[in-house]
Amino acid sequence: MEQRFVMKCGGSTLAALPASFFEDLRSLQERGVKAVIVHGGGPAISETLGKLGIASEFVNGLRKTSDEVLDVVEMVLAGRINKEIVRRIGQSGAKALGLSGVDGELITAQPVANADEIGFVGDVTDVNAAIIEGVMGMGYIPVIAPIGIDAAGQRYNINADTAAGAVASHLGVEQMIVVTDVPGILKTVDGEKQVLPTATVEEIEEMIASGEIYGGMIPKVRAAIACIQGRVKEVVIVNGDVPGVLSKAVLEGGIGTRIIQS
């Protein structure tokens, strides 16, 4: 059975990753390990909306998405960031192909429950795994921008974490890797911060409630938890700056924090 993994990464995190990260990706590709990348790009979207003078607000952590905002979301995610990732993978000697959920109706979506207050934000209803399989079969790493589409041709802005979890689940992948700029979930033991090797979703909720996980770490772990859906049983949070981080996470384990359902 060939080995494959789905990796989720924020656009700003990816832009800051060292060349060694992409070389590691190439070495995995050379060993026959097949990667699928789903990326976000929130900060770049906010920056571009600002430059264009388009007002944008968040409702419970999700961007309120009007038609006007949606155009910018697609332009930044499926255009600038997607191609930047494809280019960097290409520079390392690996091969990548960029797609958005609109291409070939790769990700079909429906409006989220509170669409009346949040606009064109979508939940994934299906993923056309055959397209991803085909791209991997040709020897390319699929790089997917999380824009969805419905039968009527309406586009949706989809949270990158939920999109990544749905892609992994439809591919039958049980473990996902979330690449961040932190080494994992830190817990203070005897006055020293240590990376937790594993944590359940329940334990993480308790650590957030107790204040042990705080600030900018909360959205990162919540994002990782959002990937646990369907067939995805566990998510590993790793720091993309660590040399050989992907090879270690995929082939060896024992790096970062494994978040398991229970």
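Modeller: T200 lies in strand β14; strands here are DSSP runs of E with at least two residues, helices are runs of H or I with at least four, and both are numbered from the N terminus. The model is predicted: local features need pLDDT of at least 70, side-chain atom pairs count only at pLDDT 80 or more, and totals for chains, interfaces and linings use all residues. Residues are numbered from 1 along each chain as its sequence is written, and side-chain values use heavy atoms, with hydrogens and water left out.

With a relative accessible area of 15%, T200 is buried (buried is under 20%, exposed is over 50%, partly exposed is in between, with a 1.4 Å probe and protein chains only). Apart from neighbours within four places in sequence, T200 is in contact with I260, Q261 and S262, where contact means heavy atoms within 4.5 Å.

Strand β14, residues 198–200, pairs with β16 in the parallel sense over three bridges; two strands count as paired if DSSP finds at least two bridges between them. Within this pairing, T198 stands opposite R258. R258 is also the bridge partner of V236. Strand β15, residues 234–239, runs antiparallel to β16, and four bridges join the two.

Helix α8 covers residues 201–210 and contains E205. E205 is partly exposed, with a relative accessible area of 34%. Leaving aside neighbours within four places in sequence, E205 is in contact with R222 and I225. From V112, E205 is 93 residues away in sequence and 24 Å away in space, C-alpha to C-alpha.

As for the whole chain, the protein has ten helices and 16 strands. Of its 262 residues, 49% count as buried. Among contacts with a separation of 6 or more, 73% come from residues 24 or more positions apart. The radius of gyration is 18 Å, which agrees with the value near 18 Å for a compact globule of 262 residues; the radius is taken over C-alpha atoms, and the globule rule is 2.2 Å times the number of residues to the power 0.38. The C-alpha trace spans about 55 × 45 × 35 Å along its principal axes.
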